[in-house]
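Please have a look at it first.

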Amino acid sequence: MSRNAPASGETSRAPSAPSLFKIIQPRLLIIAIVVVIFAALAAIYSKAQTASYTASARVFLSTDQNSLGVSSVDVTRYVQTQAQFAQSSAAVTEIAKALKLSESDVSGRLSTTPSDSGYFFVIKGEGASEAAAVDLVSAAETAYGKLLISSTQTTLTEMLKLRTQLTTQLQGLQTSQATPGTESGDLTAQLQGLSGDITKAQTTVALGSAAIKLAEPPVSAGQGASGLLRNTLVAAIVGLLLSVLAVWIMYQRRPTILDPHNPSDALGVPLIAALEPGRTTASAAETLVSAMSAVMSPTSKVVAFTPASRGDLTADLVSSVAAAWSDDQGVVLILDTSPSSEVRASLEGLPRATSAELPRWAHEPTCLARSSGTGRGHILYNRVSPARAARPGGLAPILADRAPVVDLVILVTSALAELPMTAASAIQADAVVVITSPETHLKELEQVPRDWPALAERVVGVVHDGRTGIRRVTSNTPDRRSSVESITSSSPVSDGASSSRNSNPMDAEPTDRYARPAR
């Protein structure tokens with residue numbers, strides 16, 4: 001059987017680029033956990049930090065002409081320069097010597113800020129205690145005052161020494177010569193010029209110390225902020241960005257289904273059903289039966305249910321579809337070739353089949369026969385070895401013997417992720433329906449049209465199950481065995497069937513082989 005051609009007015013959908021929100025939406029819980037962990041680590045780190053104390057002092061500068069030394073100057077630039085001068089490397093060295101600390105420690109704890117509203121700047125210092133912070137600011141003020149006059153004082157000292165030397169030479173010449181000569185006149189001129197320079201230098205030294213109009217004593221500001229809120233917010237933002245980036249990279253390496261149309265676009269077949277996450281088993285079965293009826297040919301007898309990945313197809317869905325179809329058509333045979341299936345467990349809750357019209361092999365130990373619950377249909381279950389189903393034509397004898405006497409054969413195959421084992425069994429069906437879920441990897445679907453064109457020709461549609469987290473290991477619990485009964489829960493069940501089911505609630509599993517009936 002070939003796929004039905006799409007309607008003339010239908011155009012093929014072009015694959016759309018996934019949005020970031022759709023990628024992170026299924027993984028919001030993981031992202032939230034990462035953000036909480038980062039924020040908690042930042043909070044712990046902030047709490048463990050040593051307490052810090054701060055102190056500050058304002059230094060007011062004189063801006064008259066004598067202090068500036070010139071008649072025209074940008075006073076704002078002058079204040080900024082003095083603030084940087086108080087934090088210069090020379091000042092840091094002077095402070096480190098006075099407090100017996102390392103220069104790196106001093107530069108990390110000391111800062112200066114020029115004022116925008118006046119002719120002053122602020123010296124700020126940090127320390128492990130209030131006394132340490134106050135001492136640092138006091139030492140900074142002292143070092144700044146020393147540096148203002150240190151260079152001029154050094155020059156003045158050198159000029160004084162030179163004047164003394166020249167005076168001594170001049171006195172010696174005056175003693176040895178009766179009349180003053182040219183050399184004595186030169187020395188006298190040098191001494192006069194040097195005396196003028198010394199006078200200017202002495203004035204500069206005096207004005208340099210007067211440049212500081214007022215240096216306030218340091219004031220402690222108490223314990224500084226620990227940065228707990230800031231660190232926590234930064235860590236939370238970093239955790240959010242890193243987790244989103246990790247989710248994006250993981251998706252790009254192995255993309256999953258974000259839109260129900262993604263698998264149909266990858267396989268080039270229509271999306272025949274999109275099962276909502278909150279749907280019931282009964283509604284899902286009715287939707288799937290209607291969709292199968294629309295895409296299958298009237299002559300199709302064998303339909304394969306092929307999950308894209310292991311766990312995409314649940315036993316409840318298979319059993320419910322078989323029960324709903326048998327109510328309308330009569331007898332449905334389930335051939336289970338999957339490596340591990342729980343379909344038999346979900347059929348155990350249905351009443352035993354009592355119809356005498358069933359084929360002879362339906363009452364053999366290799367077959368599980370159940371009534372759909374309304375008395376109008378029957379479900380037959382056979383477990384076939386996956387090794388046998390994987391052989392080319394391995395299912396041919398079984399289908400030739402049993403398909404003609406039933407109304408529909410549901411072939412449960414391995415997942416597409418387990419190709420090529422899946423292809424051998426699925427190709428033997430008249431039609432293949434692929435079942436996907438939000439955890440299905442698109443790369444497992446994209447390889448089918450490319451590497452298995454014969455199998456792709458059998459695919460008639462895609463059913464997307466919107467439930468998340470359906471990849472689970474199921475157990476044979478009473479709740480699971482009775483899940484199919486919800487489809488026909490209002491239908492009467494005979495007392496004999498009920499007593500039989502209560503006395504032997506679960507049959508043995510002898511259906512892992514196929515025994516041909518005696519001729």
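Among contacts in the chain between residues at least 6 apart in sequence, what percentage join residues at least 24 apart? The value is 80%, where a contact means heavy atoms within 4.5 Å. Before I go on, this is a predicted model, in which local features need pLDDT of at least 70 and side-chain atom pairs count only at pLDDT 80 or more, while totals for chains, interfaces and linings use all residues. Residues are numbered from 1 along each chain as its sequence is written, and side-chain values use heavy atoms, with hydrogens and water left out.

The secondary structure of the chain amounts to 20 helices and 13 strands, taken as DSSP runs numbered from the N terminus, with H or I over at least four residues for helices and E over at least two for strands. Of its 519 residues, 43% count as buried, meaning under 20% relative accessible area, as against over 50% for exposed and in between for partly exposed, with a 1.4 Å probe and protein chains only.

Let me take helix α5, residues 89–99, where Ala 91, Val 92, Ile 95 and Ala 96 are buried. These residues lie on the same side of α5 because they cover an arc of only 135 degrees around the axis, the arc being that of the directions from the helix axis to the C-beta atoms. On the other side of α5, Lys 97 and Ala 98 are exposed, and just after the helix Lys 100 takes a positive phi of about 60 degrees.

Now to the charged pairs: the structure holds eight salt bridges, each defined as a side-chain nitrogen of Lys or Arg within 4 Å of a carboxyl oxygen of Asp or Glu. One of them joins Arg 109 and Asp 105 at 3.2 Å, N to O, and these two, four residues apart in helix α6 (residues 103–109), are separated by about one helical turn. Arg 109 is buried at 18% relative accessible area, whereas Asp 105, at 28%, is partly exposed.

A further salt bridge, at 3.5 Å, N to O, pairs Asp 336 with Arg 383. Asp 336 lies in strand β8 (residues 331–336) and Arg 383 in strand β10 (residues 378–383), so the pair ties together parts that are 47 residues apart in sequence; both Asp 336 and Arg 383 are buried. Finally, Arg 344, Glu 348 and Arg 370 are linked in a network of salt bridges.
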